[in-house]
Amino acid sequence: MTDVFPEACDLLIEAGFVVPVEPHAVVLERHAVAVRDGEILAVLPIADARARYAPRETVSRPGAALIPGLVNAHTHNPMTLLRGVADDLPLMEWLQGHIWPIEGAVISPSFVEDGVTLAIAEMLRGGTTCANENYFFPDVQAAVYRRHGFRARVGLPVIDFPTAWARTSEEYFDRATQVHDQWRDDPLVATSFAPHAPYTVSDANFERIRMLADQLDLPVHLHTHETAQEVTESQEKHGQRPLARLDRLGLVNDRLVAVHMTQLTDGEIELCAQRGVSVVHCPESNLKLASGFCPAGRLQRAGVTLALGTDGCASNNDLDMFGEARTAALLAKAVAEDASVLDAASTLRAATLGGARAVGWESRIGSIVPGKQADLVCVDLDQLETQPLHHVVSQLIYAAGRHQVSDVWIAGRPRLRDRVLVDMDVPALLANARQWRERIAAIRLS
């Protein structure tokens with residue numbers, strides 16, 4: 001009889017429940033996930049995993065649900081440093097009267113580096129393992145994400161006015177291609193085009209973005225149909241609603257990551273479904289700025305890929321994807337006047353696989369499937385707030401909070417252990433945030 005020796009692996013995570021997202025709405029009790037070289041090897045019952053594998057490390061979480069890492073599909077992470085500076089204001093007053101002037105005074109590589117670092121710590125403590133970023137100095141952002149082993153799709157900004165990042169359209173595009181070339185082969189960090197919005201980008205620049213996105217195989221990450229005012233002004237200036245204008249320019253396709261989308265007709269929803277557009281729903285930012293209600297239920301029923309994002313901390317004011325998911329599910333039901341809309345499993349899918357699809361990484365992340373990257377999160381459900389445990393996925397969406405995230409891995413590498421950040425200095429982060437508060441407060445008072 002031939003002896004069968006256990007197969008070596010780097011990590012075995014044993015959980016009370018594994019929620020793979022694929023297949024949809026499935027919960028696997030007392031299962032384990034084996035990881036080797038940053039990839040998921042297998043998902044199998046704990047007893048079988050112990051017999052089959054000889055791991056270098058075993059993490060046992062019998063009271064936890066193991067889920068895919070959450071994907072924040074729209075965020076401006078350097079703006080953690082602007083958290084709370086201009087609350088309770090309508091969008092254009094908030095943006096033009098407060099945020100843009102403050103940014104004009106503080107935007108710099110150091111502002112971006114420190115803001116992204118603070119955001120990474122917050123996201124990891126909340127179970128987020130991937131961010132779809134949209135801000136200036138993408139070269140700095142990319143370096144910071146890579147340094148901390150965080151997965152990110154970094155936006156290459158284009159806007160029709162000078163900023164600290166670029167002065168002219170030509171400079172925006174030159175710098176964009178340089179950053180893309182630098183990060184094109186990185187396993188964790190990639191790029192997308194990030195034109196700000198239809199009302200701040202010309203037809204000529206949109207056409208150039210479409211051409212380059214096709215050539216470089218990049219997503220186009222864009223705020224659009226965010227408010228009724230935006231739609232009205234587009235009709236007055238261009239004779240078309242924003243989505244129709246984007247369609248005329250060749251941008252309504254499966255590369256488009258359309259953010260907010262609060263003002264949609266049935267025809268526009270059908271167009272998005274036919275063309276493979278991904279819609280990122282940012283419910284808390286939309287609520288706080290009174291921008292409107294994304295028709296998440298209608299989008300879902302039409303077959304549009306739905307993802308979730310927090311937006312930036314200046315308008316939300318946090319990077320809490322558990323809170324965002326709960327708000328998205330509840331708001332969708334109220335808007336549709338249908339309690340069955342955007343159920344718990346569909347909401348979790350939007351926060352994981354939907355986001356992965358939006359950023360073009362469906363084959364890498366978003367579900368716990370062998371061959372995908374081991375971006376994994378343990379959520380401790382053995383807490384008063386999530387007991388008794390009748391339904392795991394419902395508890396994750398409607399009862400659990402980010403404070404229950406115990407462990408996080410990105411590509412199999414631990415980033416949070418027992419609620420402690422790995423290789424991040426929390427006192428230093430706090431001290432740095434305080435000095436930015438003082439600097440920004442001085443600008444506002446001047």
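This is a predicted model: local features need pLDDT of at least 70, side-chain atom pairs count only at pLDDT 80 or more; totals for chains, interfaces and linings use all residues.
Aspartate 418 pairs with arginine 61, with 2.9 Å between the closest N and O atoms. Aspartate 418 sits in the loop between β15 (413–417) and β16 (420–421), and arginine 61 belongs to strand β4 (residues 53–68), so this bridge ties together parts that are 357 residues apart in sequence. Is aspartate 418 buried or exposed? Its relative accessibility is 53%, so it counts as exposed.

The second pair is arginine 298 and aspartate 266, whose closest N and O atoms are 2.8 Å apart. Here helix α11 (residues 296–302), which holds arginine 298, is linked to helix α9 (residues 266–275), which holds aspartate 266. Arginine 298 is partly exposed at 38% relative accessibility, whereas aspartate 266 is exposed at 58%.

I turn now to arginine 255, in the loop between α8 (242–248) and β10 (256–260). Its side chain makes a polar contact of 2.6 Å with that of aspartate 217. Beyond its sequence neighbours within four places, arginine 255 has contacts that include Ala213, Leu218 and Val220.

Finally, the surface carries a nonpolar patch of Leu287, Phe293 and Val335, with about 250 Å² of accessible area together. Leucine 287 lies in helix α10 (residues 283–288).

Notes:
Residues are numbered from 1 along each chain as its sequence is written. Side-chain values use heavy atoms; hydrogens and water are left out. Helices (H or I, at least four residues) and strands (E, at least two) are DSSP runs, numbered from the N terminus. A polar contact is a pair of N or O atoms within 3.5 Å; within protein, one must be able to donate a hydrogen and the other to accept it, and residues adjacent in sequence count only if both atoms are side-chain atoms. Contact means heavy atoms within 4.5 Å. Patches are made of residues with over 30% relative accessible area and no salt bridge: like charges are joined within 9 Å, nonpolar side chains (Val, Leu, Ile, Met, Phe, Trp, Tyr) within 5 Å. Accessible areas come from the Shrake-Rupley method with a 1.4 Å probe; for residues, only the protein chains shown count as cover. A salt bridge is a side-chain nitrogen of Lys or Arg within 4 Å of a carboxyl oxygen of Asp or Glu. Buried means under 20% relative accessible area, exposed over 50%, partly exposed in between (1.4 Å probe, protein chains only).
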